[in-house]
Amino acid sequence: GADSVRAPMAGAVTSIAVKPGDRTVKGATVATIEAMKMEHQLRSPRDGIVAAVMAKQGDQVAIRTEIVILEPEG
């Protein structure tokens, strides 16, 4: 199944580092959000392929909003 990277808190998406079809590895930064005047890097929970990017730079997101969806490699 697909895993997702979710916002740990409400905030503004300041960057998206991946696009659908990109390969990512566990621990790689896939997006950054700003919350409470601090930037938080969102990291891939495992190796995989980016299936979808659900937010774009400048979006305001709520806590637990899916930002990036991953699918297994191969």
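**Figure 1. Arg-23 and its salt bridge to Glu-73.** Arg-23 is exposed, with a relative accessible area of 60%. In this predicted model, the side chain of Arg-23 forms a salt bridge with Glu-73, and the closest N and O atoms are 2.3 Å apart. Arg-23 belongs to strand E3 and Glu-73 to the segment after E8, so the pair ties together parts that are 50 residues apart in sequence. Glu-73 has a relative accessible area of 37% and is partly exposed.

**Figure 2. The chain as a whole.** The chain contains eight strands and zero helices, and its pattern along the sequence reads β-β-β-β-β-β-β-β. For 74 residues, a compact globule would have a radius of gyration near 11 Å, and the value for the chain, 11 Å, agrees with this. The C-alpha trace spans about 40 × 20 × 15 Å along its principal axes. Of the 74 residues, 35% count as buried. The accessible surface amounts to about 4,400 Å², and carbon and sulfur atoms account for 51% of this area. Among contacts between residues at least 6 apart in sequence, 59% join residues at least 24 apart.

**Figure 3. The open sheet of four strands.** The strand order is E1-E8-E6-E3, and the pairing is antiparallel. Strands E1 (3–6) and E3 stand at the edges with a single partner strand each, so one side of each has no neighbour in the sheet. Strands of a sheet pair through backbone hydrogen bonds, in a parallel or an antiparallel manner.

**Figure 4. Pairing of strand E6 with E3 and E8.** Strand E6 (residues 48–53) runs antiparallel to strand E3 (residues 23–24), and two bridges join them. Within this pairing, Thr-24 has Gly-48 of E6 as its bridge partner. Four bridges connect E6 to strand E8 (residues 66–71), and these two strands also run antiparallel. In E8, Leu-70 is the bridge partner of Val-50, and Glu-71 stands opposite Ile-49.

**Figure 5. The salt bridge between Asp-3 and Arg-46.** The structure has five salt bridges. In one of them, the side chains of Asp-3 and Arg-46 meet with an N to O distance of 2.5 Å. Asp-3 is in strand E1, whereas Arg-46 is in the loop between strand E5 (38–43) and E6, so this pair ties together parts that are 43 residues apart in sequence. Asp-3 counts as partly exposed, at 31% relative accessibility.

**Figure 6. The salt bridge between Lys-56 and Asp-59.** The N to O distance between the side chains of Lys-56 and Asp-59 is 3.1 Å, and the two form a salt bridge. Lys-56 has a relative accessibility of 54% and counts as exposed. Both Lys-56 and Asp-59 are among the residues in contact with Val-13.

**Figure 7. Two loop residues with positive phi.** Lys-37 has a phi near 65 degrees, a positive value in a residue other than glycine. Lys-37 sits in the loop between strand E4 (29–35) and E5 and is exposed, with a relative accessible area of 81%. For Arg-64, also a residue other than glycine, phi is positive and near 70 degrees. Arg-64 is located in the loop between strand E7 (60–61) and E8, and its relative accessibility of 53% counts as exposed.

Figure 8. Ile-67 lies in strand E8. Is Ile-67 buried or exposed? The relative accessible area of Ile-67 is 0%, so this residue is buried. Leaving out residues up to four places away in sequence, Ile-67 touches Val-5, Val-13, Ile-16, Leu-42 and Val-61, among others. Ala-52 is also one of its contacts; the C-alpha atoms of Ile-67 and Ala-52 are separated by 8.5 Å, and the two residues are 15 apart along the chain.

**Figure 9. The largest nonpolar core.** This core has 14 residues, and those with the most contacts inside it are Val-13, Leu-42, Val-61, Ile-67 and Val-68. Strands E4 and E8 each supply at least two residues of the core. Beyond its neighbours within four places in sequence, Val-13 is in contact with residues including Thr-32, Ile-33, Ala-55, Val-61 and Ile-67. In soluble globular proteins, nonpolar side chains tend to be buried together.

Key. Residues numbered from 1 in each chain as written. Predicted model: local features only at pLDDT ≥ 70, side-chain atom pairs only at ≥ 80, totals over all residues. Heavy atoms only, no water. Pairing = 2+ DSSP bridges. Salt bridge = Lys/Arg side-chain N within 4 Å of Asp/Glu carboxyl O. Buried < 20%, exposed > 50% of the residue type's maximum accessible area, 1.4 Å probe, protein only. Contact = heavy atoms within 4.5 Å. Core = buried A, V, L, I, M, F, W, Y, C linked by side-chain atoms within 4.5 Å. Rg over C-alpha atoms; globule rule 2.2 N^0.38 Å. Areas by Shrake-Rupley, 256 points an atom, 1.4 Å probe, with all protein chains shown as cover.
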